[in-house]
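Please read them with the structure open beside you.

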Amino acid sequence: TVQGAVRRPDHAWVRVENEDVQRSNWYDGKTFAYLDLGANVYATWPAPPTINELFAKLGEKFGFVPPMAPLMRQLDGKEVLKSAKSGFYVGEAVVRGSACSHLFLSQENNDWELWIDDVVPVIRRMVITYTKLPGTPKYSVTFTDWDFNATLPDSVFAFYPPPGATRAEFEIVNP
C-alpha cells in the first residue's frame, strides 16, 4: 500500500507498507526525512528547494530515485516523452472496474506500462520494469484514489521523529 501527497513545487509525503517494509518520507521544501517504521530509525537531509531538484540530488548523492518520482515531479508532457525510445497502445483493459487504455513506453533503463482511465484521465495502474538491473525487477502499483483538489496543510509534510526513534545518517554514494 502506498499513500502519498504532493503540493508542488516543494512539498511531498509518501508512506509505503508491504510484507517487508514500512517506511515514510517527508519533504517540506527544506528537509528530506526518511523513517523506517519497523526499525524506528530515521534520517534527515537538508534538501534543495523544489521536488524536481530533490529527486535529481537524491539520485546524484544517494544513488536512488523513488519509483513514484516521475509522477511527483513538475513536468510537462513533452518533457516526459523526450526520454521515451518507443511506445505503443497495447489495448483495452479493466482495472478495478474502470475501463482503461493500456500503454507501453520504453526508455533507456526501464519500461513503463500505464493503464489510463478512459473516463477520468488518471493512471489506474503502473508497472515499471527495470531492464538494466539484474533479474529485471518490477515495481507495480494500482491507484485507488486521486484527489486533485485536496487542501493540504503544512503539517502533512512535516516530520517529527516518533518517541524512541534512533537517528541515522544517509550514506552518500557520490560526495
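**Notes on the predicted model**

1. Start with a histidine. H102 is buried, because its relative accessible area is 11% and the cut-off for buried is under 20%. H102 belongs to strand β7, which covers residues 98-106. The model is predicted, and local features are reported at pLDDT of at least 70.

2. What surrounds H102? With neighbours within four places in sequence set aside, H102 touches F88, Y89, V90, G91, E113, L114 and W115.

3. Is T129 buried or exposed? Its relative accessible area is 12%, so T129 is buried. Beyond its neighbours within four places in sequence, T129 is in contact with N109, N110, D111, T136, P137 and K138.

4. Look at the loop between β6 and β7, where R96 lies. R96 is not a glycine, yet its phi is positive, about 50°. Relative accessibility is 63% here, so R96 counts as exposed.

5. Turn to the other sheet. Here 6 strands form an open sheet with mixed pairing, in the order β1-β2-β3-β4-β5-β11. The edges are β1 (2-7) and β11 (166-167), and each of these pairs on one side only.

6. β1 and β2 run antiparallel, joined by 6 bridges. V2 has V16 in β2 as its bridge partner. A hairpin of 3 residues connects β1 to β2.

7. That connection holds a feature to inspect. P9 is placed in the loop between β1 and β2. The peptide bond joining R8 and P9 is cis, with omega of about 15°.

8. Further along the order, β4 (residues 31-36) pairs with β5 (residues 41-46) in the antiparallel sense, over 6 bridges. Y34 has A43 in β5 as its bridge partner.

9. The loop between β4 and β5 contains N40. N40 counts as partly exposed, because its relative accessibility is 21% and the buried class needs under 20%.

10. What packs on this sheet? Helix α1 (residues 51-62) does, touching β1, β2 (11-17), β3 (22-27), β4 and β5. The direction of α1 makes about 110° with that of β5.

11. The length of α1 can be checked. It has 12 residues, and at 1.5 Å a residue these should span 16 Å. That expected span is 1.5 Å times one less than the number of residues. The end C-alpha atoms of α1 are 16 Å apart, so the two values agree.

12. Which residues of α1 are buried? They are I51, L54, F55, L58 and F62. Viewed down the axis of α1, the buried residues fall within an arc of 95°, so they line one face of the helix. The general rule is that an α-helix has 3.6 residues a turn, so residues three or four places apart point the same way.

13. The buried residues of α1 pack against β1, β2, β3, β4, β5 and α2 (69-72). After α1 comes G63, which has a positive phi near 70°.

Notes
Residues numbered from 1 in each chain as written. Predicted model: local features only at pLDDT ≥ 70, side-chain atom pairs only at ≥ 80, totals over all residues. Heavy atoms only, no water. Pairing = 2+ DSSP bridges. Helix = DSSP H or I, 4+ residues; strand = E, 2+ residues; numbered from the N terminus. Contact = heavy atoms within 4.5 Å. Axes fitted to C-alpha atoms, helices over the stretch in contact; angles between N-to-C directions. Buried < 20%, exposed > 50% of the residue type's maximum accessible area, 1.4 Å probe, protein only. Arc of directions from axis to C-beta.
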